[in-house]
Amino acid sequence: MTYSYFPGCTLKNKAKDLDHYARECAKVLGFELEEIENWQCCGAVYPQASDEIATKLSSVRALADAKEKGQDLITVCSACHHVIKRVNDDMANVEDIQTKVNNYMALSEPYLGETKVLHYLEVLRDVVGFDKIKEKVVNPLKGRKIGAYYGCMLLRPSTTMQFDDPENPTIIEDFIKALGATPVVYPMRNECCGGYISLKEKKMASNMVDQIMASASYKGAEELITACPLCMYNLRNNGTKEGLPVTYFTELLAEALGIKEEVQV
């Protein structure tokens, strides 16, 4: 199975591990990521203004490219996934946005939200299957207590994202189990870490990070995994106390599949 792949800007610099191991693990698990040519930044933030069109165009270009190839579109970064999936929903359901975007882009045929947008974790769960992944594990992560940090962008708004239950998600916990580790469920795993306000309101962001770390530690987590580069940076750098180690979920997958050391960036 071949998917159109939107890596996003951060995965080309600060989050190279998230991208690199996603690609390498896909090879082991039997699917291919075909990077979209000439992709542009998704904008990182979904525009709230109902008449904002310009910042949605790069997402539509990627979506239309995937449609032309007859492929589903995969993202790995939580922010890219959030923006592209919400823009795709607009293109499928909001006539005013459909009209303005298609008039501006003058595509060979109008884009109306036909492309299916998937997060990498959804492919692992729904296409590959966690049971199949478990069979592929050569380095079971036994004895490790790992907390999933979802953050806010993967889960909300739930009616559009349709990723998992926004209040009680299980996809990353099931992923952790498939790798042989013990998932730790803690109250703050689906709360915002404050990444977007970490420059302007650093104290507030630091308090949010401290609460997440304390919540995870109290429940017994010894490490956290995430899919969000901004969350990764904030959790690692903006707490006021020494926190738990944080890695990308693709790094954990590569470790369990026995390929992490072989494909060091």
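User: Why is A44 called partly exposed?

Analyst: In this predicted model, A44 has a relative accessible area of 31%. Buried would require under 20% and exposed over 50%, so with its 31% A44 is placed in between and is called partly exposed. The residue sits in the loop between β2 and α2.

User: What makes the backbone of A44 worth a remark, and where else is a positive phi found in a residue that is not a glycine?

Analyst: A44 has a positive phi of about 70 degrees although it is not a glycine, and Q162, which is not a glycine either, has a positive phi of about 50 degrees. Most residues other than glycine have a negative phi. Q162 belongs to the loop between α7 and α8 (171-178).

User: How do you know whether Q162 and D51 are buried or exposed?

Analyst: The class called exposed begins over 50% relative accessible area. Q162 has 58% and is therefore exposed, and D51, with 53%, is exposed because that value also lies over the cut-off.

User: What makes the peptide bond from R156 to P157 cis?

Analyst: The omega of this bond is near -5 degrees, and the bond is cis. Most peptide bonds are trans. P157 itself is located in the loop between β5 (145-148) and α7 (158-161).

User: Why does A26 count as buried, and what does A26 touch?

Analyst: A26 has 1% relative accessibility, and because buried means under 20%, A26 is counted as buried. The residue is part of helix α1, and when residues up to four places away in sequence are not counted, it touches F31, L33 and Y120. The C-alpha atoms of A26 and L124 are separated by 9.2 Å, although the two residues are 98 apart along the chain.

User: Which residues have the most contacts inside the largest nonpolar core, and what is F249 in contact with?

Analyst: The largest nonpolar core has 89 residues, and those with the most contacts inside it are F31, Y120, L124, F175, F249 and L253. Once its neighbours within four places in sequence are left aside, F249 is in contact with L18, V76, H119, Y120, L121, L124, F175, I225, T226 and A227.

User: Which residues of helix α10 are buried, and what covers them?

Analyst: In α10, which spans residues 229-237, the buried residues are P229, C231, M232, N234 and L235. Their cover includes α1 (16-29), α9 (202-218), β7 (223-226) and β8 (246-248).

User: How do you know that the radius of gyration of the chain agrees with that of a compact globule?

Analyst: For 265 residues, a compact globule would have a radius of gyration near 18 Å, and the chain has 18 Å, so the value agrees with the rule. The C-alpha atoms fill a box of roughly 55 × 45 × 30 Å along the principal axes, and the chain has 11 helices and 8 strands.

User: What share of the residues is buried, and what share of the contacts joins residues at least 24 apart?

Analyst: Buried residues make up 53% of the 265 residues. Among contacts between residues at least 6 apart in sequence, 74% join residues at least 24 apart. The chain exposes about 12400 Å², of which carbon and sulfur atoms supply 48%.

Technical notes
Residues are numbered from 1 along each chain as its sequence is written. This is a predicted model: local features need pLDDT of at least 70, side-chain atom pairs count only at pLDDT 80 or more; totals for chains, interfaces and linings use all residues. Side-chain values use heavy atoms; hydrogens and water are left out. Helices (H or I, at least four residues) and strands (E, at least two) are DSSP runs, numbered from the N terminus. The radius of gyration is taken over C-alpha atoms; the globule rule is 2.2 Å times the number of residues to the power 0.38. Buried means under 20% relative accessible area, exposed over 50%, partly exposed in between (1.4 Å probe, protein chains only). Contact means heavy atoms within 4.5 Å. Accessible areas come from the Shrake-Rupley method with a 1.4 Å probe; for residues, only the protein chains shown count as cover. A nonpolar core is a set of buried Ala, Val, Leu, Ile, Met, Phe, Trp, Tyr and Cys residues joined through side-chain atoms within 4.5 Å.
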